[in-house]
Amino acid sequence: MSALPTRRPFDPSDEVFRVHEGGKLAVHATSQLRDAADLSLLYTPGVAEVSLAIAADPGLARAYTSRRNTVAVVSDGTAVLGLGDIGPLAAMPVMEGKAVLFKQFAGVDAVPVCMETGSIEQIVDAVARIAPTYGGINLEDISAPRCFEIERRLQERLDIPVFHDDQHGTAIVALAALRNAAVVVEKELTGLRVVVAGAGAAGVAVSRILLAAGVTDVVVTDSQGVLGPDRDGLAPHKADLRAATNPRGVTGALGEALSGADVFIGVSGGTVAERDLIRMAPRAVILALANPDPEVHPVVAARFAEVVATGRSDFPNQINNVLAFPGIFRGALDSGARRITEAMKLEAAAAIAALVEHPTADRIVPSVFDERVAPAVAAAVAALAPSSSAGASRPGPYAVR
């Protein structure tokens, strides 16, 4: 594991530790156990009838177990927030927090599943073996490039939604923000020149969703510069990304990519020099999403861009995955969807953007506390589920109302 600086001394009396004491999750029963009659229904002998019915028809598990509303939040602790490889135990507070967000914003019961890291095959097999307990799998904070293959294999192996939030949640909200930012700066989304700094999990997903949304001029950079025609020996995920992006054949460093660019999207960390930002086109957009330290501080970014967004809550335009993933799973669980499709992601982004009726430079996405968000995203996802012809109008029993 990488050594990490201590941000502040451990102090159990500190509020941040007190609020986490004992963890942030507990289990509660949905049926009352008051007497022997209740016991005979909830457990033996009554439960045997339900078990036999499910054995004869596994599809009944969705109606008669908690599986219909439960998601596993799976992590091996190798890429936690901005902390890096801190391991599964240290990842637990983050995964518990994720579970709280699922419940608070979409009524979804989420369970942290933090495991020792291993090979791709070991992680896939471990998740597949526990999958019968859950209605969906949310992969979280698993390092790239392993995360791409783990997600792909699980999607192929399981018949429930598998969603890597670090990739797709980020991409969905970034697209929603960019849709509205384009309105503010009076430019067509599909005509934007976009630079994505970072070719890891988030960078790959952001780039691909922009391409799917019709943005044709996307240039991606990593720590070595532009993914251009002069780059050899790239990892497979970067080689694939290079083949799908950079139509003008840009080469060189980030500054060359930013020359004439309308949009900068940072998902890599580091700092962008002002001499590079000044090369951007007029009425530019900067989405500096690294946490806790954006690639461009908002005060600096405002000197070069008309619209500025970060991942932080203390500045306008917070690009936060919580705008996406609770509603994504709410819609998938309610509709019985087996996959989160590319079309669902695009519609989820459109639904989020549409909640800001009149975008401004300081408001291109709704607040994470806007109660309309999860239902809107859930409806967009459910409407595209193959098993539901009218998913958007038929919320499940746990749907947020």
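**Salt bridges and a buried asparagine**

Asp125 and Arg157 form a salt bridge, with their closest N and O atoms 3.0 Å apart. Asp125 lies in helix α6 and Arg157 in helix α7, so the pair ties together parts that are 32 residues apart in sequence. A salt bridge here is a side-chain nitrogen of Lys or Arg within 4 Å of a carboxyl oxygen of Asp or Glu. Helices (H or I, at least four residues) and strands (E, at least two) are DSSP runs, numbered from the N terminus.

The model is predicted: local features need pLDDT of at least 70, side-chain atom pairs count only at pLDDT 80 or more, and totals for chains, interfaces and linings use all residues. Residues are numbered from 1 along each chain as its sequence is written, and side-chain values use heavy atoms, with hydrogens and water left out.

Asp125 is partly exposed at 24% relative accessibility, and Arg157 is partly exposed at 47%. The classes are set by relative accessible area: buried is under 20%, exposed is over 50%, and partly exposed is in between (1.4 Å probe, protein chains only).

Another salt bridge joins Arg153 and Glu121, where the closest N and O atoms are 3.2 Å apart. Arg153 belongs to helix α7 (residues 146-157) and Glu121 to helix α6 (residues 120-130), so this pair ties together parts that are 32 residues apart in sequence. Arg153 has a relative accessible area of 27% and is partly exposed; Glu121, with 48%, is partly exposed. Both residues belong to a network of salt bridges that links Glu121, Glu149, Arg152, Arg153 and Glu156.

By the salt-bridge rule, the count comes to 25. One of the pairs is Asp38 with Arg34, whose closest N and O atoms are 2.8 Å apart. Asp38 is buried, at 8% relative accessibility, whereas Arg34 is exposed, at 61%.

The last stop is Asn138, found in strand β3 (residues 136-139). Is Asn138 buried or exposed? Its relative accessible area is 0%, so Asn138 is buried. The side chain of Asn138 makes a polar contact with the side chain of Glu140, at 2.9 Å. A polar contact is a pair of N or O atoms within 3.5 Å; within protein, one must be able to donate a hydrogen and the other to accept it, and residues adjacent in sequence count only if both atoms are side-chain atoms. Leaving aside residues up to four places away in sequence, Asn138 touches Val71, Ala72, Val73, Val74, Lys98, Phe102, Phe163, Asp165 and Phe329, where contact means heavy atoms within 4.5 Å.
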